[in-house]
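Here is a short note for someone opening this structure for the first time. Please read it with the model in view.

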Amino acid sequence: MKSTEEEILEGLSSQGGTAVKRIFMKKGTTLVATKHVILTFNTTKLSSTVKAGYIYCKTRLYIPNPIRCFKCQRFGHSKTACRGRLTCCKCASVDHLTSDCQSAELLCANCKQPHSADSKDCPQWKKEKKIQEVRTQQNLSYYEAKKLLFPEQNSMSYSNALKSSTSQPSQTDERLTKVIVPPLIKLTPVKPNVLRVKKCFYERKLQQNHLTNSAAQSKSKAFSKC
């Protein structure tokens, strides 16, 4: 197929086609166009064939390759979103460019086996490819597909995280968190009659003080008149 992506999209627009992307393969340092294209349709039901002119072409579900970061070599994110350290794709050395690598021994940064991180023979790559296959076929998210395929890893990671969190000693200063609470004293309930007696007692006391102050003031006035 020597048609451009725009020409193919124009011919498939009546069949619900919305996007066309040709697949390229790398030979040496150059990219070579293949006869395969990725088609996107405005429907969730995939047709087994599409009509291109007078020819019916077979289609199959496209399973994307796992996303591998070209910086840290880990799967699941790209270089632009990477927060990890620069890692060599050939020897797995940290802070080491792949283009500057002169190591004769290969070492994968993901599975620690003697091959480069971009090898499709890597067990981790095959595992990630299987996740992409289930995710695409069942229309799941990445984490849902991973949990469906490898449920033991999710439970193991949770148990390891729980174990590590409980085994680590607390670094909190007890002088800041320890609170000394004095013992509680049980109060004796006061009866209403006792409250009335106390109220009457204080009222009489106030009256006596008032009379005493009045008498003292009258004496002082009388003394000043003399």
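A crossing of two helices is called left-handed if the near helix is turned anticlockwise from the far one by less than a right angle, and right-handed if clockwise. Helices (H or I, at least four residues) and strands (E, at least two) are DSSP runs, numbered from the N terminus.

1. Basis. This is a predicted model, in which local features need pLDDT of at least 70, side-chain atom pairs count only at pLDDT 80 or more, and totals for chains, interfaces and linings use all residues. Residues are numbered from 1 along each chain as its sequence is written, and side-chain values use heavy atoms, with hydrogens and water left out.

2. The helix crossing. Helix α2 spans residues 123-138 and helix α3 residues 142-149. Their axes come within 9 Å and cross at roughly 115 degrees. (Axes are lines fitted to C-alpha atoms, for helices over the stretch in contact; angles run from 0 to 180 degrees between N-to-C directions.) That makes α2 roughly perpendicular to α3, a term for angles of 65 to 115 degrees. The crossing of α2 past α3 is right-handed.

3. The helix contact. Which residues of α2 and α3 make the contact? From α2 come E128, K130, I131, Q132, V134, R135 and Q138. From α3 come Y142, A145, K146, L148 and L149. Contact here means heavy atoms within 4.5 Å. Six of the contact residues are nonpolar, two polar and four charged. (Ala, Val, Leu, Ile, Met, Phe, Trp, Tyr, Cys and Pro count as nonpolar; Asp, Glu, Lys and Arg as charged; the others, Gly among them, as polar.)

4. Strand β1 (residues 17-27) pairs with strand β2 (residues 30-41). Pairing requires at least two bridges found by DSSP. Here there are nine, in the antiparallel sense. R22 stands opposite V37 in β2, and F24 stands opposite A33 in β2. Two residues lie between the strands, and G28 takes a positive phi near 70 degrees.

5. The β3-β4 hairpin. Strands β3 (residues 49-52) and β4 (residues 55-58) run antiparallel, joined by four bridges. A52 has I55 of β4 as its bridge partner. This hairpin has two residues between its strands, and G53 takes a positive phi near 75 degrees.

6. Salt bridges. How many salt bridges does a search of the whole structure find? Two. (The term means a side-chain nitrogen of Lys or Arg within 4 Å of a carboxyl oxygen of Asp or Glu.) One joins D95 and R85, at 2.5 Å, N to O. Both residues sit in the loop between β4 and α2, ten residues apart.

How values were computed. Angles under 35 degrees count as roughly parallel, over 145 as roughly antiparallel, 65 to 115 as roughly perpendicular and the rest as oblique.
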